[in-house]
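Biologist: I am new to this structure and would like to learn how to read it. Could we go through it feature by feature?

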Amino acid sequence: MSIRSLATLASVISLAVFGAMTPGIAAELAAKQPAPFQVAAAQGTAPNFVGIDTWFNSAPLSIASLRGKVVLVNFWTYGCVNCVRSLPHVVELYAKYKDKGLVVVGIHTPEFPFEKSASNVKAALKRHGITYPVAQDNDSKTWNAYQNQYWPAQYLVDQNGTVIYQHDGEGQYDEMDRLVGRLLNASS
């Protein structure tokens with residue numbers, strides 16, 4: 001038997017042995033995986049809302065005053081198409097869970113000068129049916145406190161004031177819904 005034939009035979013045997021072991025390995029790996037949509041590891045205490053020029057739909061809020069509630073902090077601006085496409089999902093999440101302990105706080109951080117107008121923000125709130133509290137962060141101070149970089153961005157804060165989930169951009173709506181539901185059910 002040539003060396004090439006021996007190498008080929010060894011490869012075939014290795015593949016056969018590994019193939020037979022794969023279901024066991026896969027089952028072992030699956031057993032070690034966290035449950036789907038398990039709450040992420042704590043990312044730290046949520047920063048407070050700072051440098052806010054105007055509050056809409058609410059008196060001024062703080063993270064400390066929201067202790068005991070599940071809070072979704074949603075960074076957005078009305079001139080951002082991705083933000084506008086995500087707003088119906090945030091509004092729907094708020095409507096579904098507001099009576100169960102969810103507070104959504106929109107942080108309107110403008111990208112362009114015209115987005116700094118309080119009357120423009122107020123018109124956008126009406127246009128999009130936003131009734132949850134919105135803070136106007138014209139100087140990006142809350143944006144910077146969260147070290148945020150994107151529009152939209154969502155930070156889910158648990159009842160202890162800890163950021164347990166963060167998502168940039170559109171999507172992950174079902175996952176956020178499940179996480180909020182789990183957090184609210186855990187406190188019931």
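Modeller: Helices here are DSSP runs of H or I with at least four residues, and strands are runs of E with at least two, numbered from the N terminus. Keep in mind that this is a predicted model.

Biologist: How many helices and strands does the protein chain have, and what pattern do they follow?

Modeller: There are five helices and six strands. Along the sequence they follow the pattern α-β-β-α-β-α-β-α-β-β-α.

Biologist: How do β5 and β6 pair?

Modeller: The two strands run in the antiparallel sense and share five bridges; β6 covers residues 163-168. A153 faces D168, a residue of β6. In the hairpin of these strands, five residues lie between them, and G161 has a positive phi near 85 degrees.

Biologist: Next, the rings. How many aromatic pairs does the structure hold?

Modeller: It holds nine aromatic pairs. One of them joins F75 and Y155, with 5.7 Å from centre to centre and 80 degrees between the planes. A pair is called edge-to-face when the planes are over 60 degrees apart, stacked when they are under 30 and tilted otherwise. The pair of F75 and Y155 is therefore edge-to-face.

Biologist: Where in the chain do F75 and Y155 sit?

Modeller: F75 belongs to strand β2 (residues 70-76) and Y155 to strand β5 (residues 153-157). They are 80 residues apart, and the pair links distant parts of the chain. Both also belong to one aromatic cluster, together with W143, Y146 and W151.

Biologist: Are F75 and Y155 buried or exposed?

Modeller: A residue counts as buried when its relative accessible area is under 20%. F75 is at 0%, so it counts as buried. Y155 has 7%, and therefore it is buried too. Of the 188 residues in the protein chain, 40% are buried.

Biologist: What about C80 and C83: buried or exposed?

Modeller: C80 is buried, with a relative accessible area of 8%. C83 is buried as well, at 0%.

Biologist: How many disulfides are there?

Modeller: To count, two cysteine sulfur atoms must lie within 2.5 Å. The count under this rule is zero.

Biologist: And for the chain as a whole, what do the contacts and the surface look like?

Modeller: Take the contacts between residues at least 6 apart in sequence: 76% of them join residues at least 24 apart. As for the surface, the protein chain exposes about 10,300 Å², with 57% of it supplied by carbon and sulfur atoms.

Notes
Residues are numbered from 1 along each chain as its sequence is written. This is a predicted model: local features need pLDDT of at least 70, side-chain atom pairs count only at pLDDT 80 or more; totals for chains, interfaces and linings use all residues. Side-chain values use heavy atoms; hydrogens and water are left out. Rings of Phe, Tyr and Trp (its six-membered ring) pair if their centres lie within 6.5 Å; planes under 30 degrees apart count as stacked, over 60 as edge-to-face and the rest as tilted. Buried means under 20% relative accessible area, exposed over 50%, partly exposed in between (1.4 Å probe, protein chains only). Contact means heavy atoms within 4.5 Å. Accessible areas come from the Shrake-Rupley method with a 1.4 Å probe; for residues, only the protein chains shown count as cover. Two strands pair if DSSP finds at least two bridges between them.
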